[in-house]
Amino acid sequence: MEIKAKILEKLQNVLDPELGINVVDLGLIYKIEVKDGTAFILMTLTTPGCPLHDSIAGGVKRALRDIEGIQDVNVQITWNPPWSPDRMSEKALRQLGFLS
Amino acid sequence: MTANHTYETNIRIPFSFIIFGLLAFFLSQILLFLSTRQLSTGEMRLPVVLSAVHLLVIGFALMTAMGAMYQLVPVVFLTPIWNESFAFIQMVVTSLGILSFSISLAFNIQMAIFSGLLLTCGIVMFLWQMFMTLKKQKKRTVITLFVGTALICLLLTIGLGLTLAYHFWSGRQLIDHDLIFKAHILLGFSGWFTLLIFGFSYKMVPMFSLAHHFSMNTARYVYIFYISGLVLTFISFITANDRLLSAGLQLMAVGYGLFAYHMFAILKKRMKKKLDKPFLFALLAIVFGVILHIAAAGFSFQSEIHSRIFSIIIYCYLFGWIVLSIIGYLYKIVPFLWWTHRYSKKIGKEAVPTLKQMINEKWIVMECCLFVASLIGMIAALASSSTGLFYLAQGGMVLFSGLFACTIGSVLLK
C-alpha cells in the first residue's frame with residue numbers, strides 16, 4: 001500500500017470528539033507529504049480558535065508514528081484557506097443529519 | 001499562514017473556579033430557601049437574601065465565568081493566558097473574598113467593606129490578567145469589543161459595590177444610595193454578564209452548531225444599540241428622568257432583539273442539524289432574555305413603575321437569562337475540560353469517547369426542565385406572594401442545584 005494511503009487510513013482513527021467524525025471525512029486534511037522519513041501534514045480545523053486545537057493536532061502525530069518508514073511527523077495547522085463545509089464527505093454529512 | 005502554538009490552559013485553573021461555583025450555587029439556593037418566609041412578603045434587601053444573592057452572582061456566576069474565560073480566552077482570541085501561577089493566586093484571593101463577603105453581608109453588613117476590599121483585590125487581579133492577555137492579541141475582533149466592554153463594566157460594578165459597602169460602614173452616603181444600587185445591578189447584570197455572554201456566544205454558537213458562511217455585520221449594531229441603551233439607562237438613574245429610562249430600556253431591547261435575530265441567522269447556516277440538548281437550553285436562555293428586555297421596556301412606559309414588577313424582572317433576568325446560559329454552556333464546557341485532561345493524549349492511539357458520551361444527556365434534560373419549572377414557580381410565587389408556592393419552587397431550585405453539581409461531578413468519573 002502506498003504510504004500516503006496508509007497515512008489516510010490511520011488518520012481515519014483521529015476523531016473530532018465534539019462531532020464524532022474523523023479528520024479525513026471532515027475534510028480537515030489539506031496536504032500530505034513524506035520526505036526522508038518525515039510526514040508533513042498540512043491541515044485545518046473547523047474554526048480558528050477551536051478548543052480542540054492541540055488535542056487534534058497531537059492525535060494526528062500519534063496516529064502516524066507507528067507507520068513503517070515514518071520516523072517523524074510534522075503537523076502544521078493553517079487557516080488559509082479556511083475550512084468550509086463543502087470539504088466534508090458524504091459520510092460526514094450523513095452523520096451530521098445534513099443528508100438523509 | 002500556519003500556526004503551531006499551544007492554547008491549552010492548565011485545566012486545574014478552570015476546574016478550581018467551576019467547583020467553587022457549583023458549591024456556591026448550592027449554598028445560595030439553600031439560603032434562599034431558608035429566607036422564603038421573608039421573600040414572600042416582598043422583602044428583598046434582607047442581610048441573608050443579600051448574602052445568598054451575592055453567593056449566587058459572584059460565587060457561582062462570576063467564578064464560573066472567570067473559570068470559563070481562563071479556558072476560552074486563549075482559544076477564542078488565539079492568545080495564551082498571561083500568567084497561570086497568578087491565576088491560582090487570584091482564585092484563592094477571590095474565593096476568600098467571596099466567602100468572607102457573604103458571611104459579612106449575612107451577619108455584620110457594616111463590616112462588609114473589609115471583606116469587600118479583599119474581594120475587589122481578587123477581581124482586580126482577574127481584570128489585570130485579562131488585560132495583559134488581551135493586550136497580546138494580534139488581531140482584534142468584535143468579540144474583543146464585547147468582552148473588553150464587559151470587563152470595564154465589571155470594574156465599574158465592583159467600584160459601585162464597594163461604594164455601597166462604604167455607605168453601610170460609615171453610615172453616610174457619598175452619592176445617593178439608591179442610584180448606586182440601581183447602577184450596580186445594571187452594570188453587573190446587563191453590562192458585565194450580558195455583554196460577556198453576547199461575546200462568547202459569537203464563538204460558541206457557530207462552534208457548537210458548525211455554522212459557516214454567515215455575516216458578522218449585525219454584531220456591530222447589537223453593540224451600538226445595547227451600549228447606547230446601557231449608557232442612557234445609567235444617565236436616567238443620575239437624572240431621575242423616567243423618559244430617559246424608558247428610552248434606555250427600549251434601546252437595550254432593540255440591541256438584545258438584534259442579538260437574538262443574529263443568533264437565529266447564524267443557526268440557519270448550521271451544518272449540525274441535531275443540536276446537543278445542553279446547547280438548546282443555552283439558546284432557550286436567549287428567548288427568555290428577549291421576553292425580559294421587551295417586558296422591561298414595556299413596563300417603563302407606565303407612569304408609576306411598580307418596584308415589585310421590576311424585582312420580578314430582575315429575578316427572571318438573573319435566573320432565566322444569566323444563570324440558564326451559564327448552566328447550558330457549563331454542561332458543554334466541563335466534559336470538554338475533563339476529556340482534554342483524560343483523553344487528549346490518547347486520541348489517535350486508541351478509541352476515545354466523544355464529548356457527548358462524557359455526560360448523561362437524559363439527566364441534563366430532566367434537570368433543565370426542573371430548573372425551568374422552578375423558575376416559573378418562583379415567578380408565580382413572587383407575583384402572588386404565596387409562601388407555599390415559594391417553598392415548592394425554591395425547593396425545586398435547591399434540588400436542581402444539587403443534581404446539577406452531581407451531574408457535573410459525574411463527568412469526573414468518566
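# Start at the sheet of chain A

Select strand β4 and strand β5 (residues 72-78) of chain A: these two run parallel, joined by 6 bridges. Now follow the chain from β4(A) through helix α2 (residues 53-64) of chain A to β5(A); this β-α-β crossover is right-handed. Right-handed means that, with the strands pointing away from the viewer, the path from the first strand over the helix to the second runs clockwise. Helices (H or I, at least four residues) and strands (E, at least two) are DSSP runs, numbered from the N terminus. Two strands count as paired if DSSP finds at least two bridges between them.

This is a predicted model: local features need pLDDT of at least 70, side-chain atom pairs count only at pLDDT 80 or more, and totals for chains, interfaces and linings use all residues. Residues are numbered from 1 along each chain as its sequence is written, while chains are lettered from A and ligands numbered from 1 in the order in which they are written.

**Stop 1: around β4(A)**

Pick A:Leu42. Which residue of β5(A) is its bridge partner? A:Gln76 is. β3(A) pairs with β4(A) over 6 bridges, in the antiparallel sense. Highlight A:Ile29 to check the pairing: the bridge partner in β4(A) is A:Met43. Between β3(A) and β4(A) lie 2 residues, and the two strands form a hairpin. Look in that turn for A:Asp36, which has a positive phi of about 50 degrees.

Show the side chains of β4(A), residues 38-43. In a regular strand, side chains alternate between the two faces of the sheet. Here A:Ala39, A:Ile41 and A:Met43 make up the covered face. A:Thr38, A:Phe40 and A:Leu42 make up the uncovered one.

**Stop 2: chain A as a whole**

Zoom out to chain A. The count is 3 helices and 5 strands. From the N terminus on, the order is α-β-β-β-β-α-β-α. Along the principal axes, the C-alpha atoms fill a box of roughly 40 × 30 × 20 Å. The radius of gyration of chain A is 13 Å, which agrees with the value near 13 Å for a compact globule of 100 residues. That radius is taken over C-alpha atoms, and the globule rule is 2.2 Å times the number of residues to the power 0.38.

Colour by burial. Of the 100 residues of chain A, 42% count as buried. A residue is buried if 20 or more other C-beta atoms (placed from the backbone) lie within 10 Å of its own, exposed if 12 or fewer, and partly exposed in between.

**Stop 3: where chain A meets chain B**

Select the interface: 30 residues of chain A are in contact with 30 residues of chain B. On the chain A side, α2 and β5 each supply at least two residues. α2(A) gives the largest share, 8 residues. That side divides into 13 nonpolar, 14 polar and 3 charged residues. Contact means C-beta atoms, placed from the backbone, within 7 Å. Ala, Val, Leu, Ile, Met, Phe, Trp, Tyr, Cys and Pro count as nonpolar, Asp, Glu, Lys and Arg as charged, and the others, Gly among them, as polar.

Stay on α2 of chain A and centre on A:Ser55, which sits in this helix. Buried or exposed? A:Ser55 is buried because 24 other C-beta atoms lie within 10 Å. Residues up to four places away in sequence aside, A:Ser55 touches B:Thr340, B:Ser344 and B:Ile347. Draw a distance to A:Asp16: the C-alpha atoms are 9.1 Å apart, although 39 residues separate the two along the chain.

**Stop 4: chain B**

Chain B has 13 helices and 1 strand. The C-alpha trace spans about 65 × 40 × 40 Å along its principal axes. Buried residues make up 48% of the 414. Among contacts in chain B between residues at least 6 apart in sequence, 78% join residues at least 24 apart.

Colour two selections: domain 1 (1-139) and domain 2 (308-342 + 352-414) of chain B. The bounds come from an automatic or database domain assignment. Their centres, over C-alpha atoms, are 18 Å apart. Domain 1 of chain B puts 24 residues into the contact, and domain 2 of chain B puts in 26. On the domain 1 side, α1 (12-34), α2 (36-40) and α3 (47-76) of chain B give two or more residues each. α1(B) supplies the largest share of that side, 10 residues. Finish by colouring the domain 1 side by residue type: 15 nonpolar, 7 polar and 2 charged.

Conventions:
Two residues are in contact if their C-beta atoms, placed from the backbone, lie within 7 Å.
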